[in-house]
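Biologist: I have a new model open and have not worked with it before. Can you walk me through it?

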Amino acid sequence: LSGDRLFLIENEYGPGSKAFGFAGHNYMDWDGKMVVGMQTGVPWVMCKEEDALDPVINTCNGVYCDAFTPNQPYKPKMWTKLCDHLEKREWRRS
């Protein structure tokens with residue numbers, strides 16, 4: 001695989017996982033460990049996960065990402081896409 005690629009874990013589960021408590025957090029941990037275990041050699045990014053496990057990079061999705069900070073100082077600040085339905089409606093109105 002080329003060194004200029006990222007792989008995205010398309011879970012966008014962050015806000016919803018809090019409703020499931022410990023089980024939701026366990027799913028996010030399992031998801032991150034599974035993809036890192038694939039040993040692809042490229043960075044993985046996880047949308048909307050404030051506590052994505054290392055080395056997975058947590059990213060911001062949406063319109064309002066200016067205040068976003070990664071969960072570790074050595075991870076890059078990244079925006080992946082505009083995905084939230086509410087934010088899409090607000091974006092169209094502006």
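This is a predicted model: local features need pLDDT of at least 70, side-chain atom pairs count only at pLDDT 80 or more; totals for chains, interfaces and linings use all residues.

Biologist: Where does Met34 sit, and is Met34 buried, exposed or partly exposed?
Modeller: Met34 sits in helix 2. Met34 is partly exposed, at a relative accessible area of 35%. Buried means under 20% relative accessible area, exposed over 50%, and partly exposed in between (1.4 Å probe, protein chains only). Helices (H or I, at least four residues) and strands (E, at least two) are DSSP runs, numbered from the N terminus.

Biologist: Now the overall layout. How many helices and strands does the chain have?
Modeller: The chain has 3 helices and 4 strands. From the N terminus on, the order is β-α-α-β-β-β-α. Of its 94 residues, 33% count as buried. The accessible surface comes to about 6200 Å², and 58% of that belongs to carbon and sulfur atoms.

Biologist: What is in the largest nonpolar core?
Modeller: That core has 7 residues: Ile9, Met28, Val35, Trp44, Met46, Ala52 and Val56. Helix 2 (21-37) and strand 2 (44-47) are the elements that give two or more residues to this core. A nonpolar core is a set of buried Ala, Val, Leu, Ile, Met, Phe, Trp, Tyr and Cys residues joined through side-chain atoms within 4.5 Å.

Biologist: Take Val35. What does Val35 touch?
Modeller: Not counting residues up to four places away in sequence, Val35 touches Ile9 and Trp44. Contact means heavy atoms within 4.5 Å. Val35 is found in helix 2 and counts as buried at 4% relative accessibility. Val35 and Val56 are 21 residues apart in sequence, with their C-alpha atoms 8.9 Å apart.

Biologist: Different topic. How many salt bridges are there in the structure?
Modeller: The structure holds 1 salt bridge. Lys75 forms a salt bridge with Asp54, with the closest N and O atoms 3.0 Å apart. Lys75 is in the loop between strand 3 and strand 4 and Asp54 in the loop between strand 2 and strand 3, so the pair ties together parts that are 21 residues apart in sequence. A salt bridge is a side-chain nitrogen of Lys or Arg within 4 Å of a carboxyl oxygen of Asp or Glu.

Biologist: Is Lys75 buried or exposed?
Modeller: Lys75 is buried, with a relative accessible area of 8%. Asp54, by contrast, is partly exposed at 45%.

Biologist: What else does Lys75 contact?
Modeller: Leaving aside neighbours within four places in sequence, the contacts of Lys75 are Ala52, Leu53, Asp54, Val56, Ile57, Asn58 and Pro70. The Lys75 side chain also reaches the backbone oxygen of Ala52 at 3.5 Å.

Biologist: And the backbone: which peptide bond is cis?
Modeller: The bond from Asp54 to Pro55 is cis, with omega near 5°. Pro55 lies in the loop between strand 2 and strand 3.

Biologist: What about phi at Gln39 and Lys48?
Modeller: Gln39 has a positive phi of about 50° although it is not a glycine. Lys48, also a residue other than glycine, has a positive phi near 55°. Most residues other than glycine have a negative phi, and most peptide bonds are trans.

Biologist: Where are those two, and how exposed?
Modeller: Gln39 is in the loop between helix 2 and strand 2 and counts as exposed at 70% relative accessibility. Lys48 is in the loop between strand 2 and strand 3 and counts as partly exposed at 22%.

Notes:
Residues are numbered from 1 along each chain as its sequence is written. Side-chain values use heavy atoms; hydrogens and water are left out. A polar contact is a pair of N or O atoms within 3.5 Å; within protein, one must be able to donate a hydrogen and the other to accept it, and residues adjacent in sequence count only if both atoms are side-chain atoms. Accessible areas come from the Shrake-Rupley method with a 1.4 Å probe; for residues, only the protein chains shown count as cover.
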